[in-house]
Amino acid sequence: MQLGMIGLGRMGGNMAERLRLAGHQVVGFDFSAEAVKRLTDAGNVGASSLEEMTKKLQGRKAIWIMVPQGKPVDETIAKLEPTLNQGDILIDGGNSNYKDSMRHYKEVTAKGFQFVDVGTSGGVWGLKEGYSMMIGGDKEAVEYLRPIFEALAPGTDKGWGHVGPAGAGHFVKMVHNGIEYGMMQAFAEGFTIMAKKVELHLDLAQISEIWRFGSVVRSWLLDLTADALAKNPTLEGLEAYVADSGEGRWTVFEAIDLNVSAPVITESLIRRIRSREENNFTDRMLAIMRNAFGGHAVKKD
């Protein structure tokens, strides 16, 4: 099967390569000429513009968009629409807000095209391990794309599924990432507690390896943690700065809108935001209040 792909960064490039290895042809475009060259060097087909890419696609077009959420997706769809034929399919495989995906579906289908949203997880390991895909959209379009999903997934019958109507794919991926925030925070706190118990001389890399087998907390996330600790047990050279892609925030907002208590996900998001604050003003306020009411010592620069 032939697939157009826009956005050939690390994840997009890996996805294109996995499809090629499964016998599918990717016609790809990226604003980076180097990324397009990597695609063609690997045996796929490159294009120097969106228009050239769509001209190289034969028959019913299916175009996978891997660009940052928000305005870049809006602009990409707007540029593609004049090049499409009735029934062609646009696929948003990035980290878009599910409400944007619902809007895109409504706008695109009104013009005679189709839209599928794919929440995609797997990151840099997807080429080897396969991608987990949560898919929203009309059943006919999803079934037409089945060969693509089966090739990208860990197996033809596992790791992917049609979870609901347009927007459902990105909604489920949003919640997935919120859960991921909480799991990462729990591991980080647990290993910090052990690191602080210096009199026991605990080997965190060894403990992470023990937990990987038979433990109820064993997981791929723990596998990655164990590998990271083996390479850098003291986390030397790393700054305490944790970014977020936005989906954790959206999960928290959605929980509030639905009156669902989600303290673990919410607190893990707050901790990420706090990690970016230098000379934290909140903590300095707490220190000065303790000093004011109890005379407790205050550390100064």
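1. **Asp 223 and Arg 212.** Asp 223 forms a salt bridge with Arg 212, with the closest N and O atoms 2.7 Å apart. Asp 223 lies in helix α11 (residues 220-231), while Arg 212 sits in the loop between α10 (204-211) and α11, so the pair ties together parts that are eleven residues apart in sequence. This is a predicted model. The contact should be read with that in mind.

2. **Accessibility of the pair.** Asp 223 has a relative accessible area of 26% and is therefore partly exposed. Arg 212 also counts as partly exposed, at 24% relative accessibility. The cut-offs matter here: buried means under 20%, and exposed means over 50%.

3. Glu 209 is partly exposed, at 33% relative accessibility.

4. **Around Asp 223.** Asp 223 can also be placed against Trp 211. The two are twelve residues apart in sequence, and their C-alpha atoms are 9.2 Å apart in space.

5. **Other salt bridges.** The count of salt bridges comes to 21. One of them joins the side chains of Asp 283 and Arg 274, at 2.3 Å from N to O. Asp 283 is partly exposed, with a relative accessible area of 30%. Arg 274 is partly exposed as well, at 32%. As a general point, side chains of opposite charge can pair when their charged atoms come close.

6. The protein chain has 14 helices and eight strands. Its C-alpha atoms fill a box of roughly 75 × 40 × 35 Å along the principal axes. Of its 301 residues, 42% count as buried.

7. **Strand β6.** How many residues of β6 (residues 114-121) are buried? Eight of its eight residues are, and the strand is mostly covered. Gln 114, Val 116, Val 118 and Thr 120 point one way. Phe 115, Asp 117, Gly 119 and Ser 121 point the other way. Residues on both sides are buried. In a regular strand the side chains alternate between the two faces of the sheet.

8. **Neighbours of β6.** Strand β5 (residues 89-92) pairs with β6 in the parallel sense, over four bridges. Within that pairing, Ile 91 has Val 116 of β6 as its bridge partner. Strand β7 (residues 132-136) runs antiparallel to β6, and five bridges join the two. Here Thr 120 has Met 133 of β7 as its bridge partner.

9. **Crossover.** Which elements make up the right-handed β-α-β unit? They are β5, helix α5 (residues 98-110) and β6.

10. **Nonpolar cores.** The largest nonpolar core has 29 residues, and Trp 64, Met 133 and Phe 149 touch the most other members. Helix α8 (residues 146-152) supplies the largest share of this core, four residues. Another core, of 18 residues, lies apart from it and includes Leu 57, Ile 65, Val 73 and Phe 113. In soluble globular proteins, nonpolar side chains tend to be buried together.

11. **A nonpolar surface patch.** Phe 281, Met 285, Leu 286, Ile 288, Met 289 and Phe 293 make a nonpolar surface patch of about 660 Å². Phe 281 is found in helix α14 (residues 281-294). Is Phe 281 buried or exposed? At 55% relative accessibility, Phe 281 counts as exposed, because the cut-off for exposed is over 50%.

12. **Met 183 and Ser 268.** Met 183 is found in helix α9 (residues 168-196). Met 183 is partly exposed, with a relative accessible area of 37%. The C-alpha atoms of Met 183 and Ser 268 are separated by 8.8 Å, although the residues are 85 apart along the chain.

How values were computed:
Residues are numbered from 1 along each chain as its sequence is written. This is a predicted model: local features need pLDDT of at least 70, side-chain atom pairs count only at pLDDT 80 or more; totals for chains, interfaces and linings use all residues. Side-chain values use heavy atoms; hydrogens and water are left out. Patches are made of residues with over 30% relative accessible area and no salt bridge: like charges are joined within 9 Å, nonpolar side chains (Val, Leu, Ile, Met, Phe, Trp, Tyr) within 5 Å. Accessible areas come from the Shrake-Rupley method with a 1.4 Å probe; for residues, only the protein chains shown count as cover. A salt bridge is a side-chain nitrogen of Lys or Arg within 4 Å of a carboxyl oxygen of Asp or Glu. Buried means under 20% relative accessible area, exposed over 50%, partly exposed in between (1.4 Å probe, protein chains only). Two strands pair if DSSP finds at least two bridges between them. A crossover is right-handed if, with the strands pointing away from the viewer, the path from the first strand over the helix to the second runs clockwise. A nonpolar core is a set of buried Ala, Val, Leu, Ile, Met, Phe, Trp, Tyr and Cys residues joined through side-chain atoms within 4.5 Å.
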